[in-house]
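Please open the structure in your viewer and keep the selection panel at hand. The tour below goes from one selection to the next and says what is there.

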Amino acid sequence: MGVCVETLKAACALTIDEVAATIEGEMKGIVGGHTRSGAALAAIHIESTGEFSKFVGGTGGVGTLHLYWLDEGNGHGRITAKGRALGKYPGGIPGIGWRKSVKTYAGIHFVHAIAARHGG
């Protein structure tokens, strides 16, 4: 009985790794076509969260913010750096860069689409 359990565990682990790699590839394929800085693309990775679980996505940093904004959108109109923020970040506003303002965009909701394809 122990051999069967170990064989099943190994097969499950292999399948989880394959699905995680597939999801990572899909995310990178979609994000790679929509990003200019590469921060969002670089943020995508796989983390083991347990014996039979994986996390695929971004965890922390500006790249993860870019992933979120690409998925959900970042508002309407323009995002403008005002007042104190301009002096506080002379190299640029985190997540915006050196510009005083940037155009917003609608999200493409790629995370939900990928999850739906994989039964999530």
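Two residues are said to be in contact when they have heavy atoms within 4.5 Å of each other. Helices (H or I, at least four residues) and strands (E, at least two) are DSSP runs, numbered from the N terminus. This is a predicted model, in which local features need pLDDT of at least 70 and side-chain atom pairs count only at pLDDT 80 or more, while totals for chains, interfaces and linings use all residues. Residues are numbered from 1 along each chain as its sequence is written, and side-chain values use heavy atoms, with hydrogens and water left out.

Of its 120 residues, 24% count as buried, where buried means under 20% relative accessible area, exposed over 50% and partly exposed in between (1.4 Å probe, protein chains only).

Next, select residues 2-32, which form helix H1. The expected span of a helix is 1.5 Å times one less than its number of residues, so the 31 residues of H1 should span 45 Å, and the end C-alpha atoms, 44 Å apart, agree with this. Now colour Ala 20, Ile 23, Glu 24, Met 27 and Val 31, which are buried in H1. The buried residues of this helix pack against helix H2 (39-43), strand S1 (45-50), strand S2 (53-57), helix H3 (62-72) and helix H5 (110-117).

Stay on H1 and select Ala 13, which is found in this helix and is partly exposed, with a relative accessible area of 28%.

Then move to Asp 71 in helix H3. Which residues does Asp 71 contact, leaving aside its neighbours within four places in sequence? They are Gly 107, Ile 108, His 109, Phe 110 and Val 111. The side chain of Asp 71 also reaches the backbone nitrogen of Phe 110 at 2.8 Å.

Finish with His 109, one of the residues in contact with Asp 71, which lies in the loop between strand S4 (101-103) and H5. His 109 counts as partly exposed, at 42% relative accessibility, and its phi is near 55°, a positive value in a residue other than glycine.

Terms used: Polar contact = N/O pair within 3.5 Å; in protein donor to acceptor, adjacent residues only side chain to side chain.
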